[in-house]
Amino acid sequence: MTRDYPDTVAGPYEPPPRTFTDRADRELTVRVYGEGPGDDLEALVEMYEGYDPEDRAQGIPPAGEERIRSWLDTITDDDCYNVVAWHDDWPAGHATLVPDRGGAYELAIFVDSDYQNAGIGTQLIEGLLGHGHDIGIERVWLTVERWNEPAISLYHKVGFERTGDGSFELEMTARLREE
Amino acid sequence: MKVLLGVGGSDDSLRALERAVERAREAGDELTVAVLDNPESAAAVDDVEERVRDTLAAADVDAAVRRLEGDPGSRLVDVAEREGFDRIVLGGGETSPLGKIQLGSIAEFVVLNASVSVTLVR
């Protein structure tokens with residue numbers, strides 16, 4: 001699948017660890033997956049088991065522990081890049097980059113319902129893009145439901161541009177490095 | 001039930017083929033398989049038709065096989081409504097690298113336009 005990417009490079013963004021205070025006055029730290037305060041995988045399984053079904057998009061995160069574990073297995077494989085926003089030992093949010101077959105990466109972010117609308121999504125995505133840039137990733141894309149205006153404006157703010165339109169979802173791309 | 005199955009050669013359409021044929025054998029559906037020219041699929045129409053006939057023969061299911069020329073989504077809806085089909089069956093989309101469901105353009109059109117029931121096979 002061919003996609004258009006912006007000429008302008010997004011960022012630069014500071015890679016993790018990134019410590020910040022959210023709009024509800026909580027102190028959080030975005031860390032690379034595997035560098036959390038405990039077992040990152042088990043913490044994410046617990047977070048996704050309690051994830052609000054209304055916040056699911058295009059079938060993810062899946063429901064039920066078995067499907068959650070199988071999905072997390074896929075997206076935390078060695079060729080994938082993940083960051084987690086920690087509030088003490090609770091994962092308030094998670095963002096991931098998963099390679100496609102064309103050398104680019106698909107991006108998604110998830111914020112636990114108690115932590116939404118507090119600026120955590122911006123910190124997560126900037127941390128992930130900073131991490132991705134450091135690793136050498138050039139091109140990143142995502143799809144988003146077309147009615148999800150808050151997400152679309154967040155993606156736009158950090159450097160994504162709209163490229164494709166389906167009926168239900170639209171596609172956005174960003175460049176992290178010059179070609 | 002009179003079922004119209006659309007197959008264009010994408011992976012999800014081949015999965016729909018397997019399941020619809022299996023169900024037709026168990027439930028006795030009156031199955032028609034429409035071979036579509038899906039611009040999003042690399043498979044040649046002749047190869048898709050051969051795959052359809054092989055699958056039907058292997059399952060020992062008797063079904064009409066026909067080609068629909070032109071825009072696949074609108075042709076499926078048109079045939080289903082004119083010829084009194086109860087249901088259109090289609091592949092329910094591919095998944096992206098990180099597991100998001102991505103509906104194909106044919107399924108999108110059919111879901112939004114068909115007045116008969118639609119089954120998307122996952």
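Start by selecting helices α3 and α4 of chain B: α3(B) passes α4(B) in a right-handed crossing. Right-handed here means that the near helix is turned clockwise from the far one by less than a right angle, and left-handed means anticlockwise. Before going on, note that this is a predicted model, where local features need pLDDT of at least 70 and side-chain atom pairs count only at pLDDT 80 or more, while totals for chains, interfaces and linings use all residues. Residues are numbered from 1 along each chain as its sequence is written, with chains lettered from A and ligands numbered from 1 in the order in which they are written.

**Stop 1: α3 and α4 of chain B**

Select residues 72-82 for α3(B) and 105-113 for α4(B); they pack at an angle of about 40°, with axes 8 Å apart. Axes are lines fitted to C-alpha atoms, for helices over the stretch in contact, and angles run from 0 to 180 degrees between N-to-C directions. Helices (H or I, at least four residues) and strands (E, at least two) are DSSP runs, numbered from the N terminus.

Now show side chains. On the α3(B) side you want Pro72(B), Gly73(B), Ser74(B), Leu76(B) and Val77(B), which meet Ser105(B), Ile106(B), Phe109(B), Val110(B) and Asn113(B) in α4(B). Contact means C-beta atoms, placed from the backbone, within 7 Å. Color by class and you get 6 nonpolar, 4 polar and no charged residues. Nonpolar covers Ala, Val, Leu, Ile, Met, Phe, Trp, Tyr, Cys and Pro; charged covers Asp, Glu, Lys and Arg; the others, Gly among them, are polar.

**Stop 2: α1 and α2 of chain B**

Next, pick residues 11-27 (α1) and 45-59 (α2) of chain B, packed at about 30° with their axes 10 Å apart. That makes α1(B) and α2(B) roughly parallel, therefore (under 35 degrees; over 145 is roughly antiparallel, 65 to 115 roughly perpendicular, the rest oblique). The crossing of α1(B) past α2(B) is right-handed.

**Stop 3**

Which strands do you color here? Take β3-β2-β1-β4-β7 of chain B, in that order: 5 strands in an open sheet with parallel pairing. Two strands pair if DSSP finds at least two bridges between them. The twist averages 25° from one strand to the next.

Zoom in on β2 (30-36) of chain B, joined to β3(B) by 5 bridges in the parallel sense; Ala34(B) has Arg66(B) as its bridge partner. Then bring the helices back: α1(B) lies across β1, β2, β4 and β7 of chain B, at about 155° to β1(B). Helix α3(B) lies across β1, β2, β3 and β4 of chain B, at about 170° to β1(B).

**Stop 4: over to chain A**

Select the chain contact: 10 residues from chain B and 16 from chain A. On the chain B side, β6 (101-102) and α4 each give two or more residues.

Finish on the open sheet of chain A, 8 strands ordered β1-β2-β3-β4-β5-β6-β8-β7 with mixed pairing. Its edge strands are β1 (18-21) and β7 (161-165). Inside it, 7 bridges join β3 (81-87) to β4 (90-99) of chain A, running antiparallel, and Val84(A) stands opposite His94(A).

Key:
Contact = placed C-beta atoms within 7 Å.
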